[in-house]
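Hello,

Here is the structure I promised to pass on to you. Have a look at it first, and then read on for my notes.

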Amino acid sequence: MTKLITLKNLPKVLTPNEDVLTLSINLNKLKYQQDERLHLKSALTEIKKYSMEHPELNYKELERQVDNLIDQNLPYQGITLFIQGNTLELFVLPRTTVDEVKLTISKSPDLLSILREQPNKMYYLLALEGTSFRLFKIVDKTVAPVKLDADAPTDLVETLGSERRGGELNFIGQGGSTTFHGHNETSKEKQIDLERYYREINKYLVETIDLTVPIVLMGLPKNLALFKRISEKLSLSEIQISKSPTDLTNAQIEKTTSNEISEQEVEIITDDVAAINNKRVLTDTAEIDQAIDTNQLNKLIVNVGNLSNSVDDHLYNDINRIISRALKINSQVVVLKQEEPQSPALLEATTY
């Protein structure tokens with residue numbers, strides 16, 4: 001059984017202190033490059049050898065699930081699989097980029113290999129207007145419109161029909177009788193219509209998009225506030241663009257949002273780094289572990305820009321373990337890369 005997972009939820013579904021096999025695969029390379037297929041075959045051979053010493057891992061079933069995933073032609077650049085021999089579930093993390101096939105076997109998932117390779121986040125962009133919406137997908141800073149289903153609620157009037165409350169003349173027909181809402185538009189009625197319409201958009205998105213991908217909202221501040229208030233099950237990014245998309249073409253939205261999102265990403269990271277100056281900063285792994293034990297860890301900053309390829313295996317595994325523990329107690333994990341503001345240490349944490 002395969003299950004999509006996010007990094008945030010991964011530590012909550014894995015069994016602590018049990019071996020985790022972390023297998024990253026570049027799906028694009030796998031289609032066209034013989035060398036990449038050989039690398040995957042080699043990694044699977046290593047897993048097969050491991051299973052001979054750990055019979056709790058059903059290698060044949062694992063191989064079947066991996067083959068099925070690859071045959072599905074998944075819409076991702078790559079995936080990382082997390083495997084434990086004591087469960088039949090195979091956890092799948094969608095990736096925007098994977099350098100090459102990589103297998104790690106440790107007591108913690110190899111999160112560092114993912115964090116250091118992930119140059120840009122993947123987002124949806126939801127451009128909200130008063131009576132319609134548009135949806136875009138952002139991968140590696142490339143913005144492209146998403147083709148919506150024919151029954152998508154792209155128009156308020158068509159979606160709400162005669163149930164609209166705002167408008168010059170609105171009515172509901174029931175059993176031959178007609179009930180009129182009234183002839184005058186009011187701000188209150190229009191607000192009710194907009195809220196009901198946004199709920200329909202929320203429902204449609206929950207049923208059709210990848211819920212693990214954060215959504216950047218674009219629109220007038222009052223519309224963004226309303227959608228954030230009523231949204232359910234969606235992963236809303238802290239990045240938002242307070243600008244009406246009404247008079248913008250798709251091309252203009254793509255150009256505007258790509259720059260804006262990149263700038264806000266850097267601002268958020270800069271604020272995160274600056275904030276540590278006002279708090280108690282920990283760099284010793286034992287102290288960070290103690291903060292996690294007492295549920296006092298506020299933020300963990302991992303500076304992968306300072307992580308060399310020759311880092312000591314014990315330190316590498318220790319950092320993976322701490323990241324996993326921090327995520328498990330819902331602490332914020334911030335990743336710094338070379339092109340972003342740097343902190344002096346490889347690992348820093350702040351407490352509440």
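Predicted model: local features only at pLDDT ≥ 70, side-chain atom pairs only at ≥ 80, totals over all residues.

Arg199 has a relative accessibility of 37%, so the residue counts as partly exposed, the buried class being under 20% and the exposed class over 50%.

Leaving out residues up to four places away in sequence, Glu195 touches Leu226, Arg229 and Ile230. Helix α7 itself covers residues 187-208.

Tyr198 is another residue of helix α7. Is Tyr198 buried or exposed? Its relative accessibility is 0%, so Tyr198 counts as buried. Beyond residues up to four places away in sequence, Tyr198 touches Leu128, Glu129, Asn223, Leu226, Phe227 and Ile230. As for Leu226, it is 28 residues from Tyr198 in sequence, with the two C-alpha atoms 8.2 Å apart in space. Leu226 and Ile230 turn up in the list for Tyr198, and both are also touched by Glu195.

Now to the other salt bridges. How many salt bridges does the count come to? The count is 11 salt bridges. One of them joins Arg325 and Asp293, whose closest N and O atoms are 2.5 Å apart. This pair, too, links distant parts of the chain: Arg325 is in helix α11 (residues 313-328) and Asp293 in helix α10 (residues 285-293), 32 residues apart. Arg325 counts as partly exposed because its relative accessibility is 26%, while Asp293, with a relative accessible area of 55%, is exposed. Both residues belong to a network of salt bridges that links Asp289, Asp293, Asp318, Arg321 and Arg325.

Most residues other than glycine have a negative phi. Asn295, which is not a glycine, has a positive phi near 60°. Asn295 is found in the loop between α10 and β14 (297-303), and with a relative accessible area of 46% it is partly exposed. Asn330 is not a glycine either, yet its phi is positive at about 65°. The place of Asn330 is the loop between α11 and β15 (332-336).

Rolling a probe the size of a water molecule over the atoms shows where empty space is left. The search gives 1 cavity of 30 Å³ or more, and about 60 Å³ of space lies in the largest cavity. Which residues come closest to its centre? Of the 10 residues in the lining, they are Ile138, Lys141, Ile261, Ser262 and Glu265. Helix α9 (residues 250-275) gives the largest share of the lining, with 5 residues. By class, the lining has 3 nonpolar, 4 polar and 3 charged residues.

Finally, the overall picture. The protein has 11 helices and 16 strands. Of its 352 residues, 46% are buried. Among contacts with a separation of 6 or more, 68% are between residues 24 or more positions apart.

Happy browsing, and best wishes

How values were computed: Residues numbered from 1 in each chain as written. Heavy atoms only, no water. Helix = DSSP H or I, 4+ residues; strand = E, 2+ residues; numbered from the N terminus. Contact = heavy atoms within 4.5 Å. Salt bridge = Lys/Arg side-chain N within 4 Å of Asp/Glu carboxyl O. Buried < 20%, exposed > 50% of the residue type's maximum accessible area, 1.4 Å probe, protein only. 1 Å grid on protein atoms, 1.4 Å probe; cavity = no way out; pocket = protein on both sides within 12 Å on 5 of 7 lines; lining within 4 Å. Points joined across faces, edges and corners; volume = space filled by probe spheres on them. Nonpolar A, V, L, I, M, F, W, Y, C, P; charged D, E, K, R; others polar.
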